[in-house]
Protein chains: 2
Amino acid sequence: MSAAARDPPLAQEDLLLAAAYVYDAQYNRNIPFETSPQAVRLYYLYNHWTMQAATYFFIFVDLFLAVFEDPAVYPLPFLATSLVEVLCLLVFFGRLVHFAKVTPRNVFWKDTKNICIMIAILVTLIDLIIYGALKISNINSIRWSRFLRPIFLINFAESRQIRRVFRSIRNTLPEITYVFLLFMFSVLMFSLMALKLFGDRNLRTVEGSPYFTNYLEIVFDLYVLVTTANSPDVMMPAFDFSWWYSLFFITYVVINTYLFMSVFLAVVYNNYRNHLKNEIRKLAYMKHHKMIEAFNILKVKEGTEFVVQESQWKQLVKLVAPDINTSHRELLLRVCDEEQKGYVDKKSFVRLADLLNIQVIAMRIQTHPLEHWMPHVYNSAVSLFIRSMVQHKGFVWTYDVIILINAVFIALDEENPLISYAEWVFLSLYILEILLKVYTYEPRAFFAKTQFWNWFDTSIIIAALIATILNASLKSASQYNSQQVLDIVFILRVLRLIRIVDSIQRFRVIMNTLINIVPTMLTFGGLALVVYYMFAIIGMELFQGKIQFFPRNSTAHHALECGNPALKDSMFARAKYCKNNFNDITSSFVVLMELTVVNQWHVLANGFALVTHQAAKLYFIAFHIVVVIMIINILIAFILEAFFVEYSLEKSEVETAIEKKIQELGVGIQEEELRDGKLIDNMETSENDLGGEEITKKKSKGLMFKIASKRYRTVDALLQRMFEAEILPEDDGPSVDEILNLSPADLYPKNPTFDSAA
Amino acid sequence: MSAAARDPPLAQEDLLLAAAYVYDAQYNRNIPFETSPQAVRLYYLYNHWTMQAATYFFIFVDLFLAVFEDPAVYPLPFLATSLVEVLCLLVFFGRLVHFAKVTPRNVFWKDTKNICIMIAILVTLIDLIIYGALKISNINSIRWSRFLRPIFLINFAESRQIRRVFRSIRNTLPEITYVFLLFMFSVLMFSLMALKLFGDRNLRTVEGSPYFTNYLEIVFDLYVLVTTANSPDVMMPAFDFSWWYSLFFITYVVINTYLFMSVFLAVVYNNYRNHLKNEIRKLAYMKHHKMIEAFNILKVKEGTEFVVQESQWKQLVKLVAPDINTSHRELLLRVCDEEQKGYVDKKSFVRLADLLNIQVIAMRIQTHPLEHWMPHVYNSAVSLFIRSMVQHKGFVWTYDVIILINAVFIALDEENPLISYAEWVFLSLYILEILLKVYTYEPRAFFAKTQFWNWFDTSIIIAALIATILNASLKSASQYNSQQVLDIVFILRVLRLIRIVDSIQRFRVIMNTLINIVPTMLTFGGLALVVYYMFAIIGMELFQGKIQFFPRNSTAHHALECGNPALKDSMFARAKYCKNNFNDITSSFVVLMELTVVNQWHVLANGFALVTHQAAKLYFIAFHIVVVIMIINILIAFILEAFFVEYSLEKSEVETAIEKKIQELGVGIQEEELRDGKLIDNMETSENDLGGEEITKKKSKGLMFKIASKRYRTVDALLQRMFEAEILPEDDGPSVDEILNLSPADLYPKNPTFDSAA
């Protein structure tokens, strides 16, 4: 099953296995299947971040090619784009070969992901050759393999999150299909009723066309009504005819828009939650199981129970996490071996992986560099006054008032020279604030990784400073405002105002939750990119060039009808939607975004149906089903779940036992360094509620341990913690086989150790 | 605290107390605070269903008055409506006095609900007098107290569910306010950015007006964009100018529409769920506590434990539920006293309330009336063939095919005489189906309360028969199709087709969940009615008569501008929205419904702002905040929660221990009546998976016990079951005071026993 199972047990190698297990739990990396030095090196190389970054770089280059390919935003010759594409394919192939080298053969070939990538590479090459050959003989064909490009994004090892969402979607499909069929049945029934009720009334729509006479058109209109996009308009002719008919539409909206759309959300959400819980529970079980296995390898008998010796434990930790320093390791040991008995029992050992997972930031309680260099000046009366002033609450309030005044000035007219002068005043005030803060607080603490708002402020201010200087110099040099630079200046100015949110405790809590969602949203962004890209490629093939955009006052033929006489008198042309076309990838993405927002999508659909064929509406309906009914509901499920986890953590103050213990140990020793701690304590109280950090101090020479802010935990990590609490540390948990049976087989096809890297 | 606590214990009265407690648990009724016969009679009278129905009747009469009051749908003189209103107020006052008679004085006066009703009655009377006096002196004033009418609907004792939702909303308010402020901050920031980016570009909207030049207008436009109502339109001028600006709008939509709107849903849902859980947990604790109290009153020592004697138990049950028959009582006793020891222990006694809550339907295994009257004919070969044919699956399939053919015929043209003839054929086929089923199955079982689809089918078919005959006779009598009758015929014909859904297992499950939601939806309907009514009254006062609807081809002055020159060239007039006005209560409700659906609400808001004042937009924004952000999210939370409860019950097969035991007992005795049971067994297998019913058979003379279908349980009942499982029957639970401290004080102001009736 794994290296330990195949090789005869050897003390040193067993330690390595255990170390690798812990390593796996910590970084989700895995042990090499062969323990020869070359395999290890290859394995570490495969998992090195530069290799992963390079893979992603080439995936995005491949996707980005659509910008340069016909229909292009910036046209490049076919030879150039195809060469780049071949390069990308080579990289993907190389990566795959590398992966095959570090994976047992049977595991590699059973993994659908690898097969998928290989087929995609092959198919793309064939398509390139055919397209190239036809191009040389001047025959236009379709680069249909571009549709397959997102497969690389999904199937490479690092996109585990996106794959999880796709698996979740696949699991939801049967259930959602039944609800969808029932929903369509309801739409068809209502359409039939509408046909009978309104069909022979000789009613006319606002545009003057016959109202509700064709069954298929009624179905489309009522489907659009579900999305509320044509809401009162579709009802008005019937409503004008008789008040009673509004009841038909109200019933329809209540049943189909409110009831069924909520049921879709419920089905997607329920499935997403169950799937997530299942996968995370599985991961937690796996980790537990591996830790038990490692423990069983290392254990020695001590009195009545099996334990791991302190020395072995230390060696193990040193091997696993060579980058943590001695005092940090001592802290961990004291958490594991509370009573300082000289050994670690099973229960504590099993939690070692979690313990290493907690990002304990070891910080020296550092003196301010200025204090170090010129203590007299830094501790002089003036300096102390400035520092206490900056630490005073009034300082924050003063700057809040300044921000508000700034907001008013921004809203005022730019042309007034007094106001453009005021901009410089505000800019220098903000710079002064940062300088004062850096003067008062320790710079390395101020710019610690966890100080989100400090980073945000500083980067915005510096960017604004650069942009404003650039703008001013451009203006004085050429009497010319660069529009791009000016736009950036405007945006940066407004962004500066966001900081005021951070001054109010309640807003901070909400903002922190929102920031917490960001990593999860990135997964969602990947998912959206995949779906959008596929639809954009199809859309471009179907609709490119059918609708043209002409600038205002253009004298081109049919400029008002988007260059297509078929659109004459259409809602599409009247609403001036000509720029909503599929003529290049960027326009396509904007149109797809508009379709996601749903409103007026029937106008777009009708417009494109007019210039091609009525069947084109199917493309738009398909997009609505996939994106709005599936993807957006997953997004909402994401956000709901993230908020619920956040709420439950906030309320129950769920902390793992380990964190509590670190906390206790810290508090227990805290008294000793009062003076040293004070400065940072002060800073912490002002910044602390902002991040909800927990501070732990360690006995030795001004070294301080800090648990990394809750803010930076992902929803997954939070969920994992919640489920881990459910697993009792005493039992050995289910066997690996039992765990594997929990899931669809594709998750851990054969070798659980390797699949989490795969 | 309660009657038991105040009076010296007396055997007979204690029994009554316990009986009342059980009664309370069963029907949520309460014991009278005085045990004198008159008080008891008054109390029972107060809780009698006719009195409750009468109260609701007058509440709806009061609300319905808006149809007849100026601006009226059907105008009635002020004298008539005011007399009816005074009558309603008298009824409300009488009901309140009655309630005061059966409630301890201090409890009554501390209850805000009662104070609310009294103030509302008083204020309405004052308003009526002032308005009447002014009317006599020909001065027009406003009937502002009409705004208060929904207070009666909320505050009368029976609307506990609606009050609970309002309490939940009140609890959500602080949190949602902070999110809303943050959201508004975001909108204001983006508006400021938009002003700076687009303000001096000289862009024009489709209508030709300047684009994004006025800050307040930008804020409104971007607020509308959050609702997606002006989705691509508001972006198009900037997008036409430069591709890059679409990023501004996409960012805006992602943050404000998707992120913030989901956060609103999360906040509302989280709060709703917690509130609901809290209240239901409280109810469950209260019930448990009361049952313990009753047990403590009745208990006698039997060996080492305290128990309740069988005789006393029977007396108690007889007293509490006089309408259940002896064999049903025997069944309950066998569940409580499994080992037939002659007494009921504490654990079983505590569950008595739940036991009585389970709607066990006692059904005689009845022979078919025809079999009773003419056994030879009914059991003849032909009859047996017919019966086995009807019970065959092919029978259902045949009728599914018939329904599908029917659907095609409905869609075809009505004018063809062949098709209108076919209608009669289908109608007789459906009637034949029902007759055959009634012939085969026992009619009383076929029309049992739980057979939703049988009732649905039969009523639809009979209604269709009546309407078709009526239509045909009207046509032959006067050569004239009554449009109303014809409309009803059409609707009924289409409704008949719904039945096909019931033939497919997967659809049935979804449908059952949807039907399960209906009771909860009624609560939501009450909530929506309250909010709509208040907004409709305000809307009518603000906008009545400003916009007129003229039928097509009207020659009235400004007919195309809805009778108001201010609307010339407005989107409102161009989209022909003239009938969307506040000129009477029905139109107001339709407009409010359109505003709820959101699409085009800015057109409506702008239209009404044009004919009155720009500030009128605030009315529409307020409606959006209250209804779309609060109420609709509560609706979605309702539906999500209902589905999740349904899913978790479906999966975990949660059944209370009691139901399991009834099941076991039933199964244990089942063998005895094979022949008798067979017929109904057959029917049950065909109808059973449809309702998920559980059948239990009792030993004696063909009597069968059936647990009422799960389908008819409300979400509340389901939730209650889930939480009750969490309470261990062994412990006595927290004391009453502890329970009361769980909640905001208004729930059980002083006397927990009385408040649940109050």
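Which residues of α24(A) meet which residues of α9(B)? The legends below take up this contact and other views of a predicted model.

**Figure 1. Helix α24 of chain A packs with helix α9 of chain B.** Helices (H or I, at least four residues) are DSSP runs, numbered from the N terminus. On the α24(A) side, the residues are A:D487, A:F490, A:I491, A:V494, A:L495 and A:L497. They meet B:F185, B:M189, B:L192, B:M193, B:K196 and B:L197 in α9(B). Contact means heavy atoms within 4.5 Å. The crossing is right-handed, that is, the near helix is turned clockwise from the far one by less than a right angle.

**Figure 2. Chains A and B are related by a rotation of 180°.** This rotation, with 0.0 Å of shift along its axis, superposes chain B on chain A with an RMSD of 0.1 Å. That is the relation of a two-fold axis. Superposition is by least squares on the C-alpha atoms of residues with pLDDT of at least 70 in both copies. Of the interface residues of chain B, 100% are also interface residues in chain A, so the copies meet through the same surface. The predictor gives the complex an ipTM of 0.83 and a pTM of 0.83.

**Figure 3. Helices α5 and α7 pack within chain B.** Their axes are 11 Å apart, at an angle of about 160°. α5(B) and α7(B) are therefore roughly antiparallel to each other. Residues in the contact include B:F92, B:F93 and B:L96 of α5(B) and B:L125, B:L128 and B:Y131 of α7(B). The crossing here is left-handed, with the near helix turned anticlockwise from the far one by less than a right angle.

**Figure 4. A cis peptide bond joins A:D70 and A:P71.** Omega is about 0° at this bond. A:P71 is found in the loop between α4 (49-64) and α5 (78-101) of chain A. In chain B, the peptide bond from B:D70 to B:P71 is cis, with omega near -5°.

**Figure 5. A:Q600 has a positive phi.** The value is near 65°, in a residue other than glycine. A:Q600 sits in the loop between α27 (585-597) and α28 (601-611) of chain A.

Figure 6. Chain A averages a pLDDT (the predictor's confidence in each residue, from 0 to 100) of 77, and 76% of the residues score at least 70. Over residues 1-16 of chain A the pLDDT is below 50.

**Notes.** Residues are numbered from 1 along each chain as its sequence is written, and chains are lettered from A in the order in which they are written. Local features need pLDDT of at least 70 and side-chain atom pairs count only at pLDDT 80 or more, while totals for chains, interfaces and linings use all residues, and side-chain values use heavy atoms, leaving out hydrogens and water.

Methods. Axes are lines fitted to C-alpha atoms, for helices over the stretch in contact, and angles run from 0 to 180 degrees between N-to-C directions. Helices (H or I, at least four residues) and strands (E, at least two) are DSSP runs, numbered from the N terminus. Angles under 35 degrees count as roughly parallel, over 145 as roughly antiparallel, 65 to 115 as roughly perpendicular and the rest as oblique.
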